[in-house]
Amino acid sequence: MTDQKNQAELVRQSLKHRYRKERRFRAYGIVAIAIALSALVVLFVDIIGKGYTGFTKTTITMEVELDGEMMFLDDATDERQLKMADFVEPLVQALTREIPGANASDRDQVRGLLNPYASNELKEILKANPQWLGSTRTITVLAHTDVDVYVKHAGDDSYSIKLSQQQQRWVDELLEAGVVETSFNDVFFTSGDSRDPSRAGILGAIVGSLLTMFVTLVLSFPIGVAAAIYLEEFAPQNRFTDFIEVNINNLAAVPSIIFGLLGLAVFINLFGMPRSVPVVGGLVLTLMTLPTIIISSRAAIKSVPPSIREAAEGIGASRMQVVLHHVLPLAMPGMLTGSIIGMAQALGETAPLLLIGMVAFIVDVPDGFLDSATVLPVQVFLWAGSPELAFIERASAAIMVLLAFLISMNALAVWLRKRLERRW
């Protein structure tokens, strides 16, 4: 009887010890998740805190007298006259009239409130509306980058205000009068890169990313799926296939910059392909993405129950028919999920694209696969390294757009997996 009590007591002590270990392990897991979520929150707060102002622009709206004599312009349809005309003076005089107490002696400081490209904006307006010449019109142009920084970050010590005290007073008065306003920054999404932060946009980088990702998808998905089908269904089990499988697994862990070196050596130096074009970028990212797609596709094929193959073979289907008509459709959701995740990883890569020249300063939006282009991660890299503090918010805003793309692609992968997967 005593032995039974001792044994029961030992069991109770053992259970208590086991439950304590289980609670500790669960607590460790909760702490780890809390730390990860905290780091994620800090990351998002920092990025959003720095980048949300990048989605707004500062503009100046004023009544501009489009005097032909002032601009040395008789015909707004004459290209030669448009090139020689003075489009700065009407804007300076119009802004001077809007500032209480400003006069002709303040011309240089008044001009410092206008964007250097404001004259080009007025020129394009007159080209589109030549009948406006000789009239007075309400014109809205971008403010100078220094004005934009002052309006958005006047109380932020991390930004240096370059406006003079007089210019700051003028801007405050213009803000109260509604002449200087902030609005949604459509320029950020409709223009390419620029030396002037207020005119810098991500349209060129977005188009370059889409073209590069299209090349990557067209090449990596069929090649990766075909390689996975062959290795899993048709390849004989020998040392050669074992060697291939080991190297595919190793390639998935190779640093991405190595693929950039490979692309530089093969596609550019050996084959003479042009630098900084989406085709070469897509080829390099294809090399990097292929191992991920092959591994995920093989895992999806392995998940198909053997009974599917046996049933198809039992009714006389050939090996190819079994794979194409039965195994492949059932494995496709897993293949798509792995491919989307691989593409999302490729979309965020910078190092391999830097080595093939996609770090170039590209102003124009690319029209095709052989036009010079850049991609969003490289655009962020360029802006983050710029000495102009105004580019910091542009870089953070571009990161927010890139994160939105990545989150959307991963959400699509999760949705496809939930929507198309089958339970056996």
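User: Before we start, what do buried, exposed and partly exposed stand for here?
Analyst: Happy to set that out: buried means under 20% relative accessible area and exposed means over 50% (1.4 Å probe, protein chains only). What lies in between is called partly exposed. This is a predicted model, where local features need pLDDT of at least 70, side-chain atom pairs count only at pLDDT 80 or more, and totals for chains, interfaces and linings use all residues. Residues are numbered from 1 along each chain as its sequence is written, and side-chain values use heavy atoms, without hydrogens and water.

User: Is R319 buried or partly exposed?
Analyst: R319 has a relative accessibility of 43%. Because of that value, R319 counts as partly exposed.

User: How many residues apart are K57 and D186?
Analyst: Their side chains form a salt bridge of 2.6 Å, N to O. K57 sits in strand β1 (residues 56-65), while D186 is in the loop between β3 (180-184) and α9 (187-190). The pair therefore links distant parts of the chain, and the separation is 129 residues.

User: How many salt bridges does the structure hold?
Analyst: One network of salt bridges links D148, K152, E393 and R394. For the structure, the number of salt bridges is 13.

Terms used:
Salt bridge = Lys/Arg side-chain N within 4 Å of Asp/Glu carboxyl O. Helix = DSSP H or I, 4+ residues; strand = E, 2+ residues; numbered from the N terminus.
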